Amino acid sequence: MDTWFWIVGGFLSVVTVFGNGVIVFLVIKNPRLRGTKTNAFVISLALADICVGTTLVPLFYIYDVKEISNVAWVSSLRWLFNYASVLNICALAFDRYLAVVKPYKYITRVTRRRVNLLISACWLIPFMVITVPLFVHGVSTIHKGKHKHESTLERVRISTAFVLFEVLPIPFMVYCLVNLLLATHKHKKHAKLINKQLCYNHTCVREIHQRATLGAIAVSITVFLVTMVSLLRCSVKVLFLDQVCGDKSYKIPLLLANSAFNPFAYSFMKTDIKTELYKTFRKTIPTDV
């Protein structure tokens, strides 16, 4: 692997761990942040991305570069965290979709218990699909660059992961993004109309812009979709064409870039987290310098 790969991979790993670590620190430190349902999804995603940042490049070096393929858990562990991050992103996008598109249903149906169940599922489903079969019947091994599946169970495991964590999230996220954009555009037009009517009798109300937040989420989902397409391409080659996936030099940086950008898109753009970050920063940096 080229030197640039390790430089970029190392840099993105540090950014991923630091950015998501700040989010976890802020939410744990402030009880008010822990009390919101959305922040429960935020911290779960941040923890998953921290796991991605700390394991993806090191485990890639152990499993693919050093070819220590007899350590089955090495490969499974990195995919466990990647897929947990995928499901957590989908859960957070679904939370934002309900809050923006169907706010009344969100208030009545999204309870703390359901949030906890959904977050638990985001971690348990990848664990069941990726890790549990290792204790039942072997794993796939790599010999001279060829994937050889030892059993039907192993192919079922890979196919299940392919469908659940790579195929289905793509149309789901596209659906959420399109509906978020449409709902935001509709709300903006409605707000403009009300503001225009108020201007006839009162002082005009300042228009509230949410373009930065929506733009960050849109960019994050776009990066996510590009990452998913790269995973999809690799899985199709392995599952259906019986070929070795040779695109890891850009697939791994994409996975890390997705995890590195998530805190900026889903967390730093939230008003409550931005406020707490500003307070913490002011306390840390002396103002009399």
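1. Leaving aside neighbours within four places in sequence, Asp49 touches Thr16, Asn20, Ser85, Ser259 and Asn262; contact means heavy atoms within 4.5 Å. Asp49 sits in helix α3 (residues 37-65). Helices are DSSP runs of H or I, at least four residues, and strands are runs of E, at least two, numbered from the N terminus. Asp49 is buried, at 0% relative accessible area (buried is under 20%, exposed over 50%, partly exposed in between; 1.4 Å probe, protein chains only).

2. The model is predicted: local features need pLDDT of at least 70, side-chain atom pairs count only at pLDDT 80 or more, and totals for chains, interfaces and linings use all residues. Residues are numbered from 1 along each chain as its sequence is written, and side-chain values use heavy atoms, without hydrogens and water.

3. Helix α6 (residues 112-131) packs on helix α7 (residues 152-167) at about 155°, axes 9 Å apart. The two are therefore roughly antiparallel (over 145 degrees). Axes are lines fitted to C-alpha atoms over the stretch in contact, and angles run from 0 to 180 degrees between N-to-C directions.

4. On the α6 side of this contact are Ile125, Pro126, Val129 and Ile130; α7 brings Arg157, Thr160, Ala161, Leu164 and Phe165. By class, that is seven nonpolar, one polar and one charged residues.

5. The unreviewed UniProt entry annotates "transmembrane region" at residues 6-28, 40-63, 75-94, 115-136, 156-182 and 212-232. Such annotations may be inferred rather than shown by experiment. Residues 6-28 are 100% helix and 0% strand, with end C-alpha atoms 32 Å apart. Residues 156-182 are 96% helix and 0% strand, with ends 38 Å apart by C-alpha.

Conventions: Angles under 35 degrees count as roughly parallel, over 145 as roughly antiparallel, 65 to 115 as roughly perpendicular and the rest as oblique. Ala, Val, Leu, Ile, Met, Phe, Trp, Tyr, Cys and Pro count as nonpolar, Asp, Glu, Lys and Arg as charged, and the others, Gly among them, as polar.
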